[in-house]
Amino acid sequence: MILLLLLTGGDGLVTIPIQGGITEGGLIIISILVVLIAALCVIGLVLWRFGANIARRLNAVQDQVANDHKKPDGTPILLRDDLDDKHDENAAKLDRAIGLITTVQRDVAFLMRKHIEQEDRLDDLEDTDRARRARTAP
């Protein structure tokens, strides 16, 4: 007697006795099981490759974020402290740049005022010259 093992929904493992060979219904069940096993193998392969890809990426990320930086003398560098120092340096440079920009803005404003004053004086001189010429004209 040949036994066919079939995995059912909630009943667990069930044996179905087959007498006189595999029937048409048994062949259908075997075909379905082969297709399911093949599908599970394909899904497993896809998941395994996906997991391997993630593991490879995580290793690359871990290499990037590893705190294994050392000074020339071999002492370890605490990246947080190093970044804080660089932040302070950059903040000081930014403050200097802002100071220079403020100075340039003041200088430009001063030059604009001087230019306006010179334009006004030139206009006054031209008006005076026209008036003088008009008085002395024949």
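Q: What makes D127 and R130 a salt bridge in this predicted model?
A: Their closest N and O atoms are 3.0 Å apart. A salt bridge needs a side-chain nitrogen of Lys or Arg within 4 Å of a carboxyl oxygen of Asp or Glu, so the pair qualifies.

Q: Where do D127 and R130 sit relative to one another in helix α2?
A: They are 3 residues apart in helix α2, and therefore separated by about one helical turn.

Q: Why is R130 called exposed, and why is D127 called partly exposed?
A: Exposed means over 50% relative accessible area, and buried means under 20%. R130 has 53%, so it counts as exposed. D127 has 43%, which lies in between, so D127 is partly exposed.

Q: How do you know that D129, R132 and R133 are linked in a network?
A: D129 takes part in two of the pairings here: with R132 at 2.7 Å, N to O, and with R133 at 3.3 Å, N to O. Both distances are within 4 Å, so both pairs are salt bridges, and D129 links the three residues.

Q: Which element of the protein chain has the highest mean pLDDT, and which the lowest?
A: Helix α2 (residues 79-136) has the highest, at 90, and strand β1 (residues 2-8) has the lowest, at 41. Over residues 1-10 the pLDDT is below 50.

Definitions and conventions: Residues numbered from 1 in each chain as written. Predicted model: local features only at pLDDT ≥ 70, side-chain atom pairs only at ≥ 80, totals over all residues. Heavy atoms only, no water. pLDDT = per-residue confidence, 0-100. Helix = DSSP H or I, 4+ residues; strand = E, 2+ residues; numbered from the N terminus. Contact = heavy atoms within 4.5 Å. Buried < 20%, exposed > 50% of the residue type's maximum accessible area, 1.4 Å probe, protein only.
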